[in-house]
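Colleague: I would like to go through this structure with you, one question at a time. Shall we put it on the screen?

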Amino acid sequence: MREALIVWGGWSGHEPQECAEIIKTMLEEDGFKVYLEHGTEALADPSVHDLSLVVPIMTMSKIEKEEVKNLATAIESGVGIAGYHGGAGDAFRDSVDYQFIIGGQWVAHPGNIIDYTVNITRPDDPLVEGIADFPYTSEQYYMHVDPSNEVLATTKFTGDHAYWIDGVVMPVVWKRKYGKGRVFYSSLGHQAKEFDVPEMKTIFRRGANWAAR
């Protein structure tokens, strides 16, 4: 049986505990044995190397050097990692080692909660197959991203809230490798209610299963 570890905490505005429970249920439905841990301490445990998947939900927060070192070594050896929105893309701002794993870092969401469109760029990829471009209402993440990411979906900024980024096309969903490990990230999912959006939930679910070894 595949085993997954969800570590949750950080900024409460992203409803980390509620989202952790949603993802736990999702993974259990897909046949995982799921461990739920509050905080980052579990990432330093040697047992992380035996997992199939790690899901961080830790907006902002801090990660100790031994924790990120153990996590990075585990992923490099083949453990998968799947994350979303600030829980993974704005976690551990002072850890470049962690950002190297995820492949990006949040820097802004001009206009805060707004309406925008998610554009599928790789409709042939199994993670987004059958999903058309879709409207979305949430924070539109502006991120610094790794050029080695394999981008599956993007969004275009209008410039209404920051005129100098008018027309910028920004990755929303990507996958990548870190050593032998698979990394999946989606910038969608500001709060738990966004898992009610079928496209968002389906993409994350497929991404988590893809990442898991």
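Modeller: One term comes before the questions. A nonpolar core is a set of buried Ala, Val, Leu, Ile, Met, Phe, Trp, Tyr and Cys residues joined through side-chain atoms within 4.5 Å. Keep in mind that this is a predicted model.

Colleague: Which residues touch the most other members of the largest nonpolar core?

Modeller: This core holds 39 residues. Helix α5, residues 198-211, gives the largest share, six residues. Apart from this core lies another one, of 33 residues, including Ile 101 and Phe 157. In the largest core, the residues that touch the most other members are Ile 23, Leu 27, Leu 53, Phe 184 and Phe 204.

Colleague: Take Leu 53. Is Leu 53 buried or exposed?

Modeller: Leu 53 sits in strand β3. Among the residues it touches are Leu 5, Leu 27, Ile 81 and Ala 208. Buried means under 20% relative accessible area. Leu 53 has 0% relative accessibility, so it counts as buried.

Colleague: How far apart in space are Leu 53 and Ala 208, C-alpha to C-alpha?

Modeller: In sequence, 155 residues separate Leu 53 and Ala 208. Yet the two are in contact. Their C-alpha distance is 7.7 Å.

Colleague: Which strands are the edge strands of the sheet?

Modeller: The sheet is open and has nine strands, with mixed pairing. Its order is β2-β1-β3-β4-β11-β10-β9-β6-β7. An edge strand pairs on one side only. That leaves β2 (33-38) and β7 (134-139).

Colleague: Which residue in β7 stands opposite Val 118?

Modeller: Strand β6 covers residues 113-120. Six bridges join β6 to β7, and the two run antiparallel. Opposite Val 118 stands Phe 134.

Colleague: At what angle does helix α1 run to β1?

Modeller: Helix α1 spans residues 16-29. It lies across β1, β2, β3 and β4. Its angle to β1 is about 170°.

Colleague: What angle does the direction of α2 make with that of β10?

Modeller: Helix α2 also packs on the sheet, touching β3, β4, β10 and β11. Those strands are among the elements that cover its buried residues, and α4 (96-102) is another. The buried residues of α2 include Val 68, Leu 71 and Ile 75. With β10, the direction of α2 makes about 75°.

Colleague: What span is expected for α2 at 1.5 Å a residue?

Modeller: Helix α2 has twelve residues. From first C-alpha to last it reaches 16 Å. That is close to the expected span, 16 Å.

Colleague: Where does Met 60 lie, and is it buried or partly exposed?

Modeller: Most residues other than glycine have a negative phi. Met 60 has a positive phi of about 60° although it is not a glycine. Its place is the loop between β3 (53-59) and α2 (65-76). Its relative accessible area is 34%, so Met 60 is partly exposed.

Colleague: What is the relative accessibility of Ser 61?

Modeller: Ser 61 lies in the loop between β3 and α2. It has a positive phi of about 60° and is not a glycine. Ser 61 counts as partly exposed, because its relative accessibility is 26%.

Colleague: Which domain does UniProt list for residues 4-211?

Modeller: The span 4-211 is 25% helix and 34% strand. Its end C-alpha atoms lie 11 Å apart. The UniProt entry is unreviewed, and the domain it lists is ThuA-like.

Definitions and conventions: Residues numbered from 1 in each chain as written. Predicted model: local features only at pLDDT ≥ 70, side-chain atom pairs only at ≥ 80, totals over all residues. Heavy atoms only, no water. UniProt positions renumbered as here; feature names shortened; annotations may be inferred. Helix = DSSP H or I, 4+ residues; strand = E, 2+ residues; numbered from the N terminus. Buried < 20%, exposed > 50% of the residue type's maximum accessible area, 1.4 Å probe, protein only. Contact = heavy atoms within 4.5 Å. Expected span 1.5 Å × (residues − 1). Pairing = 2+ DSSP bridges. Axes fitted to C-alpha atoms, helices over the stretch in contact; angles between N-to-C directions. Lists of a residue's contacts leave out its neighbours within four places in sequence.
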